[in-house]
Amino acid sequence: ETDDSSPKAQARLFDSPQAQLEIVKLAIAYADSLEAHTLETEKITRMRKLAEKKAVTGSELQTAEIRFESAERKVRMLRGIAEATYQAAIRKADLLAQMIKVKQRQADVDTPGLMALAIRKSQARQRAEILETILKY
């Protein structure tokens, strides 16, 4: 049985194709939530104007308010997840950069080990760049 909480296990999980797929899913969910929020914002604005003219019922306005608030919460939640994942990717890349420097200073340099660290650092930076792109919207 393996220990999934070990740093190596967590690193493998973070670098896995599944983790990359999760970032794509996050991007799609975030884009969808932004679209829903925009639509609900437009709808609630119209409903409030109609409510002033007594053209909609209180129940209809309340339903629109609930949908608007739900759309807002979803955007905040997904953005928070994206921000946390972005920060984790930055921290991981920085940690790997430090590990590379330490290994380079050692007398018996493990070239394959250095190469593996450099690849993982590159992957973490790439993941951070993708997440940064997601967060621009």
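## Opening question

At what angle do helix α3 (residues 58–105) and α4 pack, and how far apart are their axes? The angle is about 155°, and the axes lie 8 Å apart. Here axes are lines fitted to C-alpha atoms, for helices over the stretch in contact, and angles run from 0 to 180 degrees between N-to-C directions. The pairing of α3 with α4 is therefore roughly antiparallel; angles under 35 degrees count as roughly parallel, over 145 as roughly antiparallel, 65 to 115 as roughly perpendicular and the rest as oblique.

## About the model

This is a predicted model, in which local features need pLDDT of at least 70 and side-chain atom pairs count only at pLDDT 80 or more, while totals for chains, interfaces and linings use all residues. Residues are numbered from 1 along each chain as its sequence is written, and side-chain values use heavy atoms, with hydrogens and water left out.

## The chain as a whole

Let's start with the overall plan. The chain has four helices and zero strands, and its elements run α-α-α-α from the N terminus on. Helices (H or I, at least four residues) and strands (E, at least two) are DSSP runs, numbered from the N terminus.

Of the 137 residues in the chain, 28% are buried. Buried means under 20% relative accessible area, exposed over 50%, and partly exposed in between, with a 1.4 Å probe and protein chains only. Contact means heavy atoms within 4.5 Å. Among contacts between residues at least 6 apart in sequence, 73% join residues at least 24 apart.

Helix α2 covers residues 17–52, and its 36 residues should span 52 Å at 1.5 Å a residue. The expected span is 1.5 Å times one less than the number of residues. The end C-alpha atoms of α2 are 52 Å apart, which agrees. Its buried residues include A19, I23, L26, Y30 and E40.

After α2 comes K54, in the loop between α2 and α3. K54 is not a glycine, yet it has a positive phi of about 60°. With a relative accessible area of 73%, K54 is exposed.

## Helix α4

Helix α4 takes in residues 111–135, and its 25 residues should span 36 Å. Its end C-alpha atoms are 36 Å apart, in agreement with that value. Among the buried residues of α4 are G113, L117, R127, L131 and I134.

## How the helices pack

Back to α3 and α4: their crossing is left-handed. A crossing is left-handed if the near helix is turned anticlockwise from the far one by less than a right angle, and right-handed if clockwise. The contact of α3 with α4 has 16 nonpolar, two polar and ten charged residues. In these classes, Ala, Val, Leu, Ile, Met, Phe, Trp, Tyr, Cys and Pro count as nonpolar, Asp, Glu, Lys and Arg as charged, and the others, Gly among them, as polar.

For α2 and α3, the axes come within 8 Å and cross at roughly 155°, which makes α2 roughly antiparallel to α3. This crossing is left-handed, and the contact of α2 with α3 holds 16 nonpolar, three polar and nine charged residues.

The pair α2 and α4 packs at an angle of about 5°, with axes 10 Å apart, so these helices are roughly parallel to each other. Q20, I23, L26, A27 and Y30 of α2 make the contact with R127, I130, L131 and I134 of α4. By class, the contact of α2 with α4 has seven nonpolar, one polar and one charged residues.
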